[in-house]
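Welcome! Please take a moment to look over the sequence and the 3D view below, and then we can walk through the fold together.

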Amino acid sequence: MTDLHVGTTASGVPVVHRSRPGDAQIALVFGSGQDSASIASAGLPHLVEHVVMRGVGVPVGEHNAVTERDAMTFFAGGAPHQLRDFVAAVTASIRRVAAGEVSELHRDVAAIDAEMGINLLPTAGPLARRFGYHGQALAEFGAPTIDRMSPEHVVDWVCAHLHRDNAALLVLGEVDLDLDIDLPPAPEGWARAVEAAPDPLTEWSWAWSEAAPLALSFDVAGDWPVSAFLGTLLESSIMSELRHDRSLIYSVMSEYLSHTRELRTLAMYLDPQPAQSTPALGVLLEMLDRHTAGSFDPGLLERTRSRLLDDLGSEGGRDAHAAATALSLAWRRPRTDAETAIEMVRDLGASELAAALRPVAEGLVVTVNGASGGVDDATAEHWRLTTPTLPGADWPQRSTLTWAARGASGRTLTAKGRRGSPMAGSSLVLDDALLMITDGATGWVVDLSDTALLLRSQAGVEITTRASWSLEIAFAAWKGADAIVHRLLEIVPADRIVDLEVRLGQRPAQ
């Protein structure tokens, strides 16, 4: 299986080459993506991707680019000479942009608007923040600020991120590697930011996630073959246990944000009907409880092992490993090779898998969609689910401070949760620059002076703070929210407000 070769170009860019028959493919990978932009410039990396690709006029079969949370990739398939020309055209476009040749940004803004509504992180906001993700809430809503981006913004981002010290090349197939990657050098004094290891979770907790389905997130001790095995096994366990009631839940298991070799994080994405969230969560937590104690279905474990070994040894699996290796090299991080991964999967038994799940006994995060009404008190008490106290997460955790204890200014505005909505029984209170959602003695509090972006539409507003916390105020859920929203538009500086209907050429909000 040793068909993967790693080297460098003359300019020092790492190259991963998998020689194999079939269609040839090539990809130029950079180790920066959406999380390399601030909230106020959310979508700038995506805009850069479009600007660069607009300057690539090489006729080639399949070609495209994609910007993810922590990577930007330009890729193509075709004849070997077409692939060489494609890479040369991409690097030439990058050099032109770095030199200041940027025009007609409105064309790229319009193209991105046509793609709006694509979720970037369809899972727990608190977990994203735990890994230092600084993006706009849970989704990029048509990149609402990109029309404010200037050519200088684009040039600065390209110079800071699209250079040879932040790149790697992936080559699949029989392609002559006698090529170089003519990228700009890294800026003077540039150094790769070292991703801080996340603090371990220390409790079982739950939180709201307005835009995402039910999710269960937890750490796994071990490298990527271990998390891949557990992810596949747990997904199969869920579907097996719910085979008689498939309406309860749909499950997807995936690796989340951590790329270290010692600690990885898994997230189960679940999409039950809102009324079924609590029973679905109970099934999941019971299953996880058994597995952490070392109880696995032997037949399911062996079927999972066989499936994963088949995947790793398949042509698609080898290509996927080559692509992951190129991404790791763009980040300048090591990755366990495929041969070692196969041996690890062959040797993993119930005791090793239970040991890998040991961090779950200390902490996990459940997120529930607002439409579900949250986790009821009885379920939370049974599973010891507290409201979250994630390190560095100052909101929207539960606060033990009452509104009276903080001292109202006397200039408060209040909205009440509408009957039948997820906010029923709660109050939304604005006191000068402090906004609070409360159900009585406790509540979530946000300081509006920390607002990075406020999105406005006919449906309501969404506030995102500099720390990436997001709060949606929907008129349909709150009686009296219109007065609060009117006041918010006076408090928040105008350059931090985006009217989505105006931004996207629709009828402005009233």
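What follows is a short tour, from the whole chain to a sheet and then to a few helices.

Keep in mind that this is a predicted model, in which local features need pLDDT of at least 70 and side-chain atom pairs count only at pLDDT 80 or more, while totals for chains, interfaces and linings use all residues. Residues are numbered from 1 along each chain as its sequence is written, and side-chain values use heavy atoms, with hydrogens and water left out.

Let us begin with the chain as a whole. Its secondary structure comes to 16 helices and 20 strands; helices (H or I, at least four residues) and strands (E, at least two) are DSSP runs, numbered from the N terminus. Of the 510 residues in the protein chain, 51% are buried. Here buried means under 20% relative accessible area, exposed means over 50%, and partly exposed lies in between, using a 1.4 Å probe and protein chains only. Among contacts with a separation of 6 or more, 73% come from residues 24 or more positions apart, where contact means heavy atoms within 4.5 Å.

Now find the open sheet of six strands, whose order is β1-β2-β6-β3-β5-β4, with mixed pairing. Its edge strands are β1 (4-8) and β4, each pairing on one side only. From one strand to the next, the twist averages 15°. Strands of a sheet pair through backbone hydrogen bonds, either parallel or antiparallel. Two strands count as paired if DSSP finds at least two bridges between them.

How many of its six residues are buried? Six of the six are, and both faces are covered: Ala 167, Leu 169 and Val 171 lie on one side, with Ala 168, Leu 170 and Leu 172 on the other. Strand β2 (residues 14-18) pairs with β6 in the parallel sense over four bridges, and His 17 has Val 171 of β6 as its bridge partner. Strand β3 (residues 24-30) pairs with β6 in the antiparallel sense over six bridges, and Phe 30 stands opposite Ala 167.

Further along the sheet, β4 and β5 run antiparallel and are joined by six bridges. Helix α1 lies across β4 and β5, running at about 155° to β4. Axes are lines fitted to C-alpha atoms, for helices over the stretch in contact, and angles run from 0 to 180 degrees between N-to-C directions.

Helix α1 (residues 44-54) is itself mostly covered, with ten of its eleven residues buried. Those buried residues, including His 46 and Glu 49, pack against β4 (62-67), β5 (72-78), α2 (80-98), α3 (105-113) and α5 (151-161).

Next, turn to a pair of helices. The axes of α6 (residues 224-241) and α10 (residues 338-347) come within 9 Å and cross at roughly 50°. That makes α6 oblique to α10, since angles under 35 degrees count as roughly parallel, over 145 as roughly antiparallel, 65 to 115 as roughly perpendicular and the rest as oblique. Where do they meet? Trp 224, Pro 225, Val 226 and Phe 229 in α6 meet Ala 341, Met 344 and Val 345 in α10.

Our last stop is helix α15 (residues 481-491), where Ala 481, Ile 484, Val 485 and Leu 488 are buried. Seen down the axis of α15, its buried residues fall within an arc of 100°, so they line one face of the helix; the arc is that of the directions from the helix axis to the C-beta atoms. The face turned away from the buried side of α15 carries the exposed residues Asp 482 and His 486.
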